[in-house]
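Biologist: I'd like to learn how to read this model, feature by feature. Could you take me through it?

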Amino acid sequence: MSWQTKAYTDTTHVSAWSSQVTQRFIEDRIKKKDKPATVSMRLAFVCALGNWLMKERPEWFEEYGHPTKGAKPPVQDALAPKCLDTRQLNRLVDSAKAEIATVEAEDTKKAAIKRPYRDYAILMLLIYTGIRRQEVCDLTLEQFQGAQLINVKSKGNLYRNVRLNSTVRLAIQDYLEKERYRDAQAFPASVTVFLASKSRKRRKYHGHLSPRAINRIIESQAKSANAHLPHERQFKVTPHMLRHSHAYAVLKKTKSLAYVQKRLGHQSQAYLARYTQMPVEEETQMLEELFE
């Protein structure tokens, strides 16, 4: 018997799919230590399939009824804020600046493929604007207008302008003047602000950075920032944590959820909860000093 025939022979017909089967699926994913949010997302896909089948083939479910009826996702814990404090942000920035000085002092083949001005500019963008990785990758030279980024595409095909402070403006200008031209020779057709190193030409014909490349840049900067810290003080950094940090800092300054929503490019304020919760250390201090 071929493997194709065996596969069909051993497969139970979809009509045996019941709400109890769906619930067992949920319990199995929880046992395998999937995060509640992940289980909820998978259940949403399963429910969408169930609804479609009920519409297209209702006769399959005459015995057991709707296959996902009553299935409940796991209870999720309150969203924990994932922000960096000022000390951690400063250490991250200082490490990125130190990398620029180190590479400028080197005269080696390894230094020639590093792009410290680019990486520093990307870090400043993430910290001071809170834009997404993909938005960084897609930025074009035309969009950079000095004081702001124009027509930044958000999720849901929304567009917004993003104001820049002097730190970000100077960081981008330094990159454009001191580094970008080296890679533009390898990728002359590219109009994006940030380019891959020309050493990656064979793998990056268009020269655009990818979201994964942004991850690697931030991981490298975090590794440098943690290099001389004791283990208990070391901290994790991701691009989205910098977005959280920016959102929380802006909310503290402006007290305006509407502005944070506009700044981050969200269609709904419902998404802002994950960005605006108070960090544990700050909440503890606030409660201690509440009536002082």
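Modeller: Let's begin with burial: buried means under 20% relative accessible area, exposed means over 50%, and partly exposed lies in between, with a 1.4 Å probe and protein chains only as cover. By that rule Arg118, with a relative accessible area of 10%, is buried. Before going on, the ground rules: this is a predicted model, where local features need pLDDT of at least 70, side-chain atom pairs count only at pLDDT 80 or more, and totals for chains, interfaces and linings use all residues. Residues are numbered from 1 along each chain as its sequence is written, and side-chain values use heavy atoms, with hydrogens and water left out.

Biologist: Where does Arg118 sit, and which residues is Arg118 in contact with?

Modeller: Contact here means heavy atoms within 4.5 Å. Helices (H or I, at least four residues) and strands (E, at least two) are DSSP runs, numbered from the N terminus. Arg118 belongs to helix α6.

Biologist: How do I read a pair of packed helices?

Modeller: Two numbers describe such a pair: the angle between the axes and the distance between them. Axes are lines fitted to C-alpha atoms, for helices over the stretch in contact, and angles run from 0 to 180 degrees between N-to-C directions. Under 35 degrees is roughly parallel, over 145 roughly antiparallel, 65 to 115 roughly perpendicular, and the rest oblique.

Biologist: At what angle do α4 and α9 pack?

Modeller: Helix α4 (residues 86-105) and helix α9 (residues 211-226) pack at about 100°, their axes 8 Å apart. So α4 is roughly perpendicular to α9. On the α4 side you'll find Arg91, Leu92, Ser95 and Ala96, which meet Gln221, Ala222, Ser224 and Ala225 of α9. For classes, Ala, Val, Leu, Ile, Met, Phe, Trp, Tyr, Cys and Pro count as nonpolar, Asp, Glu, Lys and Arg as charged, and the others, Gly among them, as polar. The contact of α4 with α9 then has four nonpolar, three polar and one charged residues.

Biologist: What about α6 and α10?

Modeller: Helix α6 (residues 116-129) packs on α10 at about 40°, with the axes 6 Å apart. That makes α6 oblique to α10. From α6 come Leu123, Leu126, Ile127, Tyr128 and Thr129, and from α10 come Pro239, Leu242, Arg243 and His246. By class, the contact of α6 with α10 divides into six nonpolar, two polar and one charged.

Biologist: His246 is in that list. Is His246 buried or exposed?

Modeller: His246, in helix α10 (residues 239-254), is buried, at 8% relative accessibility. Apart from neighbours within four places in sequence, His246 has contacts with Leu126, Ile127, Tyr128, Thr129, Gly130, Arg263 and Leu264.

Biologist: How can I tell whether a helix has a buried side?

Modeller: An α-helix has 3.6 residues a turn, so residues three or four places apart point the same way. In helix α11 (residues 257-264), Val260, Gln261, Arg263 and Leu264 are buried. They cover an arc of only 165° around the axis (taken from the directions from the helix axis to the C-beta atoms), which puts them on the same side of α11. Ala258, also in helix α11, is partly exposed at 48%. After α11 comes Gly265, with a positive phi near 80°.

Biologist: Which residues other than glycine have a positive phi?

Modeller: Lys33 is one of them, with phi of about 70°, and Lys255 is another, near 55°. Lys33 lies in the loop between α2 (19-31) and α3 (36-56) and is exposed, at 74%. Lys255 lies in the loop between α10 and α11 and is exposed too, at 67%.
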